[in-house]
Amino acid sequence: MADLVGRTAAVPLTAGALLVDGQLGPVGWPPVGQAVIAVPVEAGHAPSALAKGSRVSVVVLPAGGQAGTAGAPVRADAMVYEIDADAGQPGTSHVTLMLPDADATRIAAASGEAVLILRAAG
């Protein structure tokens, strides 16, 4: 079992079928070139329809909330991996996002408030 945990399926698997090594690929989370980060999102800064798997744009507004006075907003496209509404801070959720490595670094380094914009699927 320890040899299987964390590996990805290389082919579709059927429940109850025996596994052979060729059906499994390497450990693959997050995928190569992607990163997973968590951002705090205050109440009113994300749509109520936000759910795991949603495609979003994450925008970090500059400290002070106005572009031009403290720099430009930082923006990146991402996929919602998980939402923790009970973040230990009333009115704040922690949203775990998967996005390209370089974008994850820019978002994580930005200072200000995160806003999530829900995008159409596909």
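User: What should I know about the model before I start?

Analyst: The model is predicted, so local features need pLDDT of at least 70 and side-chain atom pairs count only at pLDDT 80 or more, while totals for chains, interfaces and linings use all residues. Residues are numbered from 1 along each chain as its sequence is written, and side-chain values use heavy atoms, with hydrogens and water left out.

User: How many helices and strands does the protein have?

Analyst: Start with the definition: helices (H or I, at least four residues) and strands (E, at least two) are DSSP runs, numbered from the N terminus. Here there are one helix and seven strands. Along the sequence they come in the pattern β-β-β-β-β-β-α-β.

User: What does the radius of gyration of the protein look like beside that of a compact globule?

Analyst: The radius is taken over C-alpha atoms, and the globule rule is 2.2 Å times the number of residues to the power 0.38. For 122 residues, a compact globule would come out near 14 Å, but this protein has 18 Å.

User: How do I read burial, and what share of the residues is buried?

Analyst: Relative accessible area decides it: buried means under 20%, exposed over 50%, and partly exposed in between (1.4 Å probe, protein chains only). In this protein, 25% of the 122 residues count as buried. For the whole surface, areas come from the Shrake-Rupley method with a 1.4 Å probe, and for residues only the protein chains shown count as cover. The accessible surface comes to about 7600 Å², with 58% of that belonging to carbon and sulfur atoms.

User: Is Ala114 buried or exposed?

Analyst: Ala114 sits in strand E7 (residues 112–118). Ala114 counts as buried because its relative accessible area is 8%. Contact means heavy atoms within 4.5 Å. Beyond its neighbours within four places in sequence, Ala114 touches several residues, including Val39, His45 and Val59.

User: Which residues does Val74 contact, leaving aside its neighbours within four places in sequence?

Analyst: Val74 is in contact with Val58, Val59, Val60, Arg106, Ile107 and Ala110. Val74 belongs to strand E5 (residues 74–84) and is buried, at 19% relative accessible area. Across the protein, among contacts between residues at least 6 apart in sequence, 61% join residues at least 24 apart.

User: Where is Ala15, and is Ala15 buried or exposed?

Analyst: Look in the loop between strand E1 (7–9) and strand E2 (24–27). With a relative accessible area of 78%, Ala15 is exposed. Ala108 in helix H1 is also exposed, at 57%.

User: Which residues form salt bridges?

Analyst: Side chains of opposite charge can pair when their charged atoms come close. A salt bridge is a side-chain nitrogen of Lys or Arg within 4 Å of a carboxyl oxygen of Asp or Glu. The structure holds two. One joins Asp77 and Arg75, with the closest N and O atoms 3.0 Å apart; Asp77 is partly exposed at 42%, and Arg75 is partly exposed at 41%. Another joins Arg106 and Asp103, at 3.1 Å between the closest N and O atoms. These two are three residues apart in helix H1 (residues 101–109), so about one helical turn separates them.
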